[in-house]
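Dear colleague,

Please find below the structure that I am handing over to you. My notes on what was found in it follow directly after it.

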Amino acid sequence: MQRNALIVVALALLTISNSAQAEQPAWNQGLADPAAGIAKPAPLPNGTKVVLDRSENNKNDLNITVENASQEGFTVRINGSCEMRYAFETMFYEASNITCGSDLSRKFSNFSGSLWPLKVGNEISFDVAGHNGRRGDSWQNRATCKVAEYGSFDIVAGSVDAFKVECRDATVSTTALYAPGLGMQAMFDARHRNGYRAYFEVESVQQP
């Protein structure tokens, strides 16, 4: 269960756009008018490398590389081995064809609302159909994500101006910080109903 939760968080964390800069992005670049929101982002270039800090959970960093990027999503390769596909419409998680040893899949349908343009108050809900091939079980529930606030937050890389996005379904509650100046989610915190918690912060981003 913990491995599956880890994969879920890694997927959800990587909502990435072209606004990030090579080497060290502008972590605290604020918006002139946060109430106006921001448009749905395009993905970072293929080959972009992201380091995720997991010291809060006493775990090693994750090194992620972006591949097969498009407007709809991209593949992420984790620590140079396993890979998964992510669609960033919801800023939540969707997975299929995972090769990280879990045989976990999640598919979305029946969308209502939209987070984009990303601004406080926007909300989306959708059905989640999941399957775990290793355990042989399937499930279905309804998830909701909402843009809760915009402000300044402290992470391992420093202060970031970000939108806080909160998501809930029957199995996990998540909180993410999407930083427009960084061009991706700077932090992701997932708390599973079984008590497991996974927490990530972006440490660095480097474009090819």
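A search of the whole structure, which is a predicted model, finds one disulfide. A disulfide is a covalent bond between the sulfur atoms of two cysteines. Here the two partners are Cys145 and Cys167, and their sulfur atoms are 2.2 Å apart. Cys145 belongs to strand β7 and Cys167 to strand β8, so the pair ties together parts that are 22 residues apart in sequence. The disulfide is right-handed, because the torsion about the S-S bond is about 115°. Are these two cysteines buried or exposed? Cys145 has a relative accessible area of 0% and is therefore buried. Cys167, at 1% relative accessibility, counts as buried too.

β7 and β8 run antiparallel and are paired over 11 bridges. One of the residue pairs is Asp154 with Ser159, the latter in β8. A hairpin of two residues leads from β7 to β8. From there the pattern goes on to β9: β8 and β9 pair in the antiparallel sense over six bridges, and three residues lie between them in their hairpin. In this pairing, Glu166 has Thr175 of β9 as its bridge partner.

Strand β11 deserves a paragraph of its own. How many bridges join β11 to strand β1? Five bridges join strand β1 (residues 49-53) to strand β11 (residues 197-206), and the two strands run antiparallel. Within this pairing, Val51 stands opposite Ser204 of β11. Strand β10 (residues 184-192) also pairs with β11 in the antiparallel sense, over five bridges. There, Arg191 has Arg197 of β11 as its bridge partner. The hairpin of β10 and β11 has four residues between the strands, and in it Gly195 takes a positive phi near 100°.

In soluble globular proteins, nonpolar side chains tend to be buried together. The largest nonpolar core in this model has 27 residues, and those that touch the most other members are Leu52, Val160, Leu182, Val202 and Val205. Several strands each supply at least two residues of this core, among them β1, β7, β8, β9 and β10. Which strand gives the most to it? That strand is β11, with five residues. A second, separate core has 15 residues, including Trp116, Phe126, Cys145 and Cys167.

Phe126 leads on to the aromatic rings. The search of the whole structure finds four aromatic pairs. In one of them, Phe108 and Phe126 are 4.6 Å apart from centre to centre, with 45° between the planes, and the pair is tilted. Phe108 lies in strand β5 (residues 104-114) and Phe126 in strand β6 (residues 123-132), so this pair ties together parts that are 18 residues apart in sequence. Phe126 is also paired with Phe111: the ring centres are 5.9 Å apart and the planes are at 35°, so this pair is tilted as well. Phe111 is in strand β5 and Phe126 in strand β6, 15 residues apart. Through such ring pairs, Phe108, Phe111 and Phe126 are linked into a cluster.

Phe126 is buried, with a relative accessible area of 0%. Phe108 is buried as well, at 12%. Phe111 counts as partly exposed, with 45% relative accessibility. The cut-off is needed here: buried means under 20% relative accessible area and exposed means over 50%, so a value in between is called partly exposed.

Finally, two details of the backbone should be noted. Most residues other than glycine have a negative phi, and most peptide bonds are trans. Asn110 has a phi near 55°, which is a positive value in a residue other than glycine. Asn110 is placed in strand β5 and counts as exposed, at 51% relative accessibility. The peptide bond from Trp116 to Pro117 is cis, with omega near 0°. Pro117 is found in the loop between β5 and β6.

With kind regards

Conventions
Residues are numbered from 1 along each chain as its sequence is written. This is a predicted model: local features need pLDDT of at least 70, side-chain atom pairs count only at pLDDT 80 or more; totals for chains, interfaces and linings use all residues. Side-chain values use heavy atoms; hydrogens and water are left out. Rings of Phe, Tyr and Trp (its six-membered ring) pair if their centres lie within 6.5 Å; planes under 30 degrees apart count as stacked, over 60 as edge-to-face and the rest as tilted. Buried means under 20% relative accessible area, exposed over 50%, partly exposed in between (1.4 Å probe, protein chains only). Two strands pair if DSSP finds at least two bridges between them. A nonpolar core is a set of buried Ala, Val, Leu, Ile, Met, Phe, Trp, Tyr and Cys residues joined through side-chain atoms within 4.5 Å. A disulfide is a pair of cysteine sulfur atoms within 2.5 Å.
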